[in-house]
Amino acid sequence: MPEKIELKFICLLENKNEDLPGCILLGEINSDVKIPILIGEHETETLALSIKGIKRRRPSAQDLFVELLCCSGMTLKEVFIYHYDAGVYKAELVMENRNGMYRIDSRPSDAIYIQQKLNVPIYTTREVLDEAGIITDKEKKKAVSNLKPKNRLSSIDIYDLQKMLNIAIKNEDYEQAAQIHAEIKHRSEQK
């Protein structure tokens, strides 16, 4: 098992433009390294309502999961974001009952929603931080701001695109982030 590094929930960046992703921003404790997790419009809205303490008229699927977890005698011990590849994170819920430990695969947005409800720690690995982590500086900001129109994205290496996407999100340049994200998604669908 790789070394686990604890993360803190920093914020949810909501995008008011339709068809552009929201972003969960997590940060390594005692460090400037952050990981951005792009999430869909519905997931952004659901998480935003929960963070703001606004109750829905009907429970979400995540709310039902939390209720079932509490009623079943299971305890959520942690959320573990264990993998990252080309903009996609994989997470799991680590739970426990009197019979042992259980790991359930989860979308990161769902896992973080549940984590926010139950106030448990979030962990990741050094590898995920090295691949997806961002630290903004003037040079990186300049690279993103000098990016040419969308058609030039096709000539940029996927690794550099991911770094540029992370920087665009950090700078809250969602229009640019959406263009880069669309190019990354287009390439992954061609594989």
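This is a predicted model: local features need pLDDT of at least 70, side-chain atom pairs count only at pLDDT 80 or more; totals for chains, interfaces and linings use all residues.
The mean pLDDT of the chain is 81, with 85% of the residues at 70 or more.

Helix α1 spans residues 41-51 and packs with helix α3, which spans residues 108-118. The axes of the two helices lie 10 Å apart and form an angle of about 5°. Because angles under 35 degrees count as roughly parallel, α1 and α3 are roughly parallel to each other. On the α1 side, the contact involves E43, T46, L47, S50 and I51. Their counterparts in α3 are S109, I112, Y113, Q116 and K117. By class, this contact comprises 4 nonpolar, 4 polar and 2 charged residues.

Burial within α1 extends to E43, T44, T46, L47, A48 and S50. Among these buried residues, E43, T46, L47 and S50 also take part in the contact with α3. The cover over the buried residues of α1 includes, besides α3, the strands β1 (4-13), β2 (22-28) and β3 (34-39), together with helix α2 (61-71). After α1 comes G53, with a positive phi near 75°.

How values were computed: Residues are numbered from 1 along each chain as its sequence is written. Side-chain values use heavy atoms; hydrogens and water are left out. pLDDT is the predictor's confidence in each residue, from 0 to 100. Axes are lines fitted to C-alpha atoms, for helices over the stretch in contact, and angles run from 0 to 180 degrees between N-to-C directions. Helices (H or I, at least four residues) and strands (E, at least two) are DSSP runs, numbered from the N terminus. Angles under 35 degrees count as roughly parallel, over 145 as roughly antiparallel, 65 to 115 as roughly perpendicular and the rest as oblique. Contact means heavy atoms within 4.5 Å. Ala, Val, Leu, Ile, Met, Phe, Trp, Tyr, Cys and Pro count as nonpolar, Asp, Glu, Lys and Arg as charged, and the others, Gly among them, as polar. Buried means under 20% relative accessible area, exposed over 50%, partly exposed in between (1.4 Å probe, protein chains only).
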